[in-house]
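Let's take a walk through a protein chain together. Keep the model open beside the text and look up each residue as we reach it.

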Amino acid sequence: MTSKRPRIFYGWLIVFASAVGLFLGAPLMVFSFSVFFKSLVLDFHASRAAVSFAFSLFNFVGALWLPGTGVLIDRFGAKRVILVSTLLFGLVLCSAWWVGSGLWQLYLLFAALGIAMSSGPAPVPYGVVISHWFDRHRGLALGLSMMGIGIGSIVVPMLAQRLITIFGWRMAFAIFGAAVLLLPLPVLAAFLQNDPSQRGLQPDGDERNQASELRQDKQGLTWHEIWHSPTFWIMICIFSLAGAGVHGAILHMSAIFTDKGVTAERAAIATSLVGAGALLGRLCSGYLLDRLFAPRVAILFYGATALGMAILCAGNIGTIALASSFLVGLGMGAEVETMGYMISRYFGLRAFGTAYGHAFGSYMLAGAAGVFLMGAGYDRFHSYTVPLAGFCGAMLLTLILLTRLGPYRYGVEAETNQPIKPIEVPSGA
């Protein structure tokens, strides 16, 4: 007598739990920072540069901590790291209530949040979990899980503004901290599992057979082998260049439009279109990754971003300029899941957390540098044209580098049982 397979694969519940876990991470600390910005400036009687440094510190410390996060995940499992870090993230947010009037206390708060968030409600640990649970549908699963960030980036800033207006920024942070402890943490504790073997399952819900046994967690290169692989360093260059260009353009998007004489309302529409593009980019790139060669998917979305930057660089302020902000958003939406998917396909899952942590850390550092370079370029040339042209060139370079990536080492078969091109080669090749 054979046991019946469940109608719905448990992995999709893992995707839902991951989206819940990501909902209050980046949407609060990244997308809502501008909402908290003026309140922090007024409360600390500080310059905008001094308050901006708090976010830079958050980004920098988090990026430096990410490789360590990957090592911890590979050693202790993603669930344990996620639960402990999410608990710390919620507690540190609650501690904002006791932050005094000294800038050093604000910096300490944001540095602690950078460490806690990079190990908890961030793409790397959840990307590791999803990649273990899914093989044939890995791209779609990654895209759907990252929708938690996309939806949160729309909802959380509006909620944050309302809470700041009523209670002030400290209480707003504390309320969000309580929300982290009461909503995502119990859901993750109840449903999150490191890999399907913990429930007697196989990736994608496949029946246990010889083919599925070949796709187990320990298949892949060691970190030492990945570190010495030229392909890994090509990827680091790709993600760093793309991260610098996309973040530089997006975080200055409103200023790019207002500098051209566009009204603040129209500039806000452009910023909203960036968010819409990011949402669509996450979903569409995830769907396509399961059906097309990943570098080709990246070329499609990064090419759209390069086109959007070229339009902005040309100085157009009409409808086509609004469309350009949407195109730039597409690239941002596709970056995170494309990064995780490509690393898992080229290097396997044995040291996936460590490799993904290093790659995402480089991406974050490059993004911070891109924002600074965009501002410095404006100060030097009194226009965004030159830095935009430079980042457009950087995006074109990423397209060239993507063509240099060879076939997957750890590819999969599509639903039709036809191999995804390029065809998988043995791991020892």
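This is a predicted model: local features need pLDDT of at least 70, side-chain atom pairs count only at pLDDT 80 or more; totals for chains, interfaces and linings use all residues.

Residues are numbered from 1 along each chain as its sequence is written, and side-chain values use heavy atoms, with hydrogens and water left out.

Let's begin with the core. The largest nonpolar core has 133 residues, and those with the most contacts inside it are Met 29, Phe 110, Trp 169 and Phe 173. A nonpolar core here is a set of buried Ala, Val, Leu, Ile, Met, Phe, Trp, Tyr and Cys residues joined through side-chain atoms within 4.5 Å. As for burial, buried means under 20% relative accessible area, exposed means over 50%, and partly exposed is in between, using a 1.4 Å probe and protein chains only. Helix 18 (residues 319–347) gives the most to this core, with 14 residues. Helices are DSSP runs of H or I with at least four residues, numbered from the N terminus.

Which residues does Phe 173 touch, not counting those up to four places away in sequence? Its partners are Met 29, Phe 36, Leu 93, Cys 94, Ala 96, Leu 109, Phe 110 and Leu 113, where contact means heavy atoms within 4.5 Å.

Helix 5 (residues 78–94) and helix 6 (residues 103–119) pack at an angle of about 155 degrees, and their axes are 7 Å apart. The axes are lines fitted to C-alpha atoms, for helices over the stretch in contact, and angles run from 0 to 180 degrees between N-to-C directions. Helix 5 and helix 6 are therefore roughly antiparallel to each other; the classes are under 35 degrees for roughly parallel, over 145 for roughly antiparallel, 65 to 115 for roughly perpendicular, and oblique for the rest. From helix 5, Val 81, Ile 82, Ser 85, Leu 88, Phe 89, Val 92 and Leu 93 meet Leu 109, Ala 112, Leu 113, Ala 116, Met 117 and Ser 119 of helix 6. The residues of this contact divide into 11 nonpolar, 2 polar and no charged. In this count, Ala, Val, Leu, Ile, Met, Phe, Trp, Tyr, Cys and Pro are nonpolar, Asp, Glu, Lys and Arg are charged, and the others, Gly among them, are polar.

Now turn to helix 3 (residues 33–44) and helix 10 (residues 169–182), which pack at an angle of about 130 degrees with their axes 10 Å apart. This pair is therefore oblique. On the helix 3 side the contact is made by Phe 36, Ser 39, Leu 40, Asp 43 and Phe 44, and on the helix 10 side by Trp 169, Arg 170, Ala 172 and Phe 173. These residues divide into 6 nonpolar, 1 polar and 2 charged.

Most residues other than glycine have a negative phi. Asp 204, however, has a phi near 65 degrees, a positive value in a residue other than glycine. Asp 204 is found in the loop between helix 11 (184–191) and helix 12 (210–213), and is buried, with a relative accessible area of 9%. His 382 also has a positive phi, of about 55 degrees, although it is not a glycine. His 382 sits in the loop between helix 19 (352–381) and helix 20, and is exposed, with a relative accessible area of 64%.

A few more stops remain. Ala 306 is found in helix 17 (residues 294–314) and is buried at 4% relative accessible area. Leaving aside neighbours within four places in sequence, Ala 306 is in contact with Cys 392, Met 395 and Leu 396. Ala 321 lies in helix 18 and is buried, with a relative accessible area of 0%. The C-alpha atoms of Ala 321 and Met 309, 12 residues apart along the chain, are separated by 9.5 Å.

Finally, is Phe 167 buried or partly exposed? Phe 167 lies in helix 9 (residues 147–167) and, at 47% relative accessibility, counts as partly exposed. Pro 407, in the segment after helix 20 (385–402), is partly exposed at 37% relative accessibility.

Conventions:
Helices (H or I, at least four residues) and strands (E, at least two) are DSSP runs, numbered from the N terminus.
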